[in-house]
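Hi,

Here is the structure I promised to pass on.

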Amino acid sequence: NWFGDAPGDDYAYAHALLRFGAEQQRKTVGWHVEFAAPAIVGAPNDATQGHGAAYYRANGNRRSPARLFAKQVYLTIGRSTTGHHARLGRFEFSEGGEVTPRDPTLAALKRRSVVQRLIGPFNFTEGARSLDGIEYGWNGNGVNVTLLGAVPGIGVFNLDGWGHVAEMPLGYAAVTGAAPWSRTRSEWRLFAVGIRDNRRLVKADNRPTAVRTSDREPIAIATIGGHLLQLVPTAAGPVDLAAWGVRQFGDWGTQRHEAWAADAEVGWQPREVTWRPWLRLGVFASSGDGDPLDERHGTFFQTLATPRLYARFPFYNLTNVVDWSASLTVRPDSRITLRSDVRAVQLGSVGDPWYTGSGPYDEATFGLGFRPSGGARSLGTLIDLSGDVQLSRHWGIAAYGSVALAGRVIGDVSSGRFAFIEVEYRR
């Protein structure tokens, strides 16, 4: 239920995804071919918000679209563990995930707090996102260097994933390593992302409609930033720290673009406590634009992110928000993980709208929607609970339920609700 703005925004639908393929890896050369067959059943035809509405609109106003397309087709050269290596073709890419820490807590922290904030496969959606291009990497002396040049494939909500968006070239460069003071319990990364959008679509921002409609100039944005992860052993149990931050500059059509985003989190896993709890506190903030009439665009642009990792009820994204969070994860069994979050979400700037959406995913859709703030700041309070159970080596089940108490930006609606149950089989 997307806050009851329209009768059609209270809906349910089903979806299914089959991924299958083959691969071969020799000493220094390999290949991978994988297909995806997504299907949507009963997407709403009268909804204005949410994933169901997006699936309906992105697939020719069909309630039950189904497709088959090549998800990943690439060649690999070299070894990914040492020395030089490359990947050429169509592949999934998770920015920040080039290196997996050996420490399991550090690896879990990285998955929760760092990866896919700017570039990700968005596998929560049926179309997901692949890249067509080339990735180069080098590993040595505890350091990883990664370079990427690509264009995004069509996907996410659009299930016709054969093509790509040639008008949106993307580049990425990163250096990742362990801090010298704690090589097994820390990680740092410096990175840069560049993207250009030549699709000449109407942009989503806070300018008057006539001004936005007339501005069909390209978007060209460079993002530079870094992250730092650290585990601190204590007698009461390990404490973890996560910091991530970026600055952006470039052009937003006819406007100069300057923006920023940052995240800071702290966690604690009490020693020798039943169900192995993991407590976390954090705040994410991104800039908004306070003046629609000046020459500067100050709204953070999330590029090609996986928003649902950081907005588990995706009625908001990483754009123009301040997100205060408290989280508790417990593990009653090695096969069971339960997690609950409480989040207070505000707008970064009341002069900028409330933004929704996943970012670009085809040639004709800008990928971001927005609503005016009405001069208010509070977006809502999110309370949720998820459970993941590995039933066997092949079968798993996940469930999620949440309620979002509407803030003044959303208006005279008491709450929104979002829930799903998912069954997965892997060979």
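A residue counts as exposed when its relative accessible area is over 50%, and as buried when that value is under 20%. Keep in mind that this is a predicted model.

By that cut-off Pro-7 is exposed, because its relative accessibility is 82%. You'll find Pro-7 in the segment ahead of strand E1 (14-25). Its C-alpha atom is 34 Å from that of Gln-116, which sits 109 residues away along the chain.

Now for the opposite case. Thr-299 has a relative accessibility of 3%, so it counts as buried. Look for Thr-299 in the loop that runs between strand E13 (296-297) and strand E14 (321-333). Its side chain has a polar contact of 2.5 Å with the side chain of Asp-352. A polar atom of the Thr-299 side chain also lies 3.5 Å from the backbone nitrogen of Asp-289. If you set aside neighbours within four places in sequence, the residues in contact with Thr-299 include Gln-248, His-257, Ala-259, Ser-287 and Tyr-355.

Next, the charged pairs. Side chains of opposite charge can pair when their charged atoms come close.

- Glu-34 and Arg-19: their side chains form a salt bridge at 2.6 Å, N to O. This pair links distant parts of the chain, with Glu-34 in strand E2 (residues 29-41) and Arg-19 in strand E1, 15 residues apart. Glu-34 is buried because its relative accessible area is 10%, whereas Arg-19, at 31%, is partly exposed.

- Glu-265 and Arg-117: here the closest N and O atoms of the salt bridge are 3.8 Å apart. The two residues are 148 residues apart, Glu-265 being in strand E11 (residues 255-268) and Arg-117 in the loop between helix H2 (104-113) and strand E5 (131-140). Glu-265 counts as buried at 15% relative accessibility, and Arg-117 counts as buried at 2%.

- Arg-280 and Asp-240: the side chains meet in a salt bridge at 2.2 Å, N to O.

Cheers

Notes:
Residues numbered from 1 in each chain as written. Predicted model: local features only at pLDDT ≥ 70, side-chain atom pairs only at ≥ 80, totals over all residues. Heavy atoms only, no water. Helix = DSSP H or I, 4+ residues; strand = E, 2+ residues; numbered from the N terminus. Buried < 20%, exposed > 50% of the residue type's maximum accessible area, 1.4 Å probe, protein only. Polar contact = N/O pair within 3.5 Å; in protein donor to acceptor, adjacent residues only side chain to side chain. Contact = heavy atoms within 4.5 Å. Salt bridge = Lys/Arg side-chain N within 4 Å of Asp/Glu carboxyl O.
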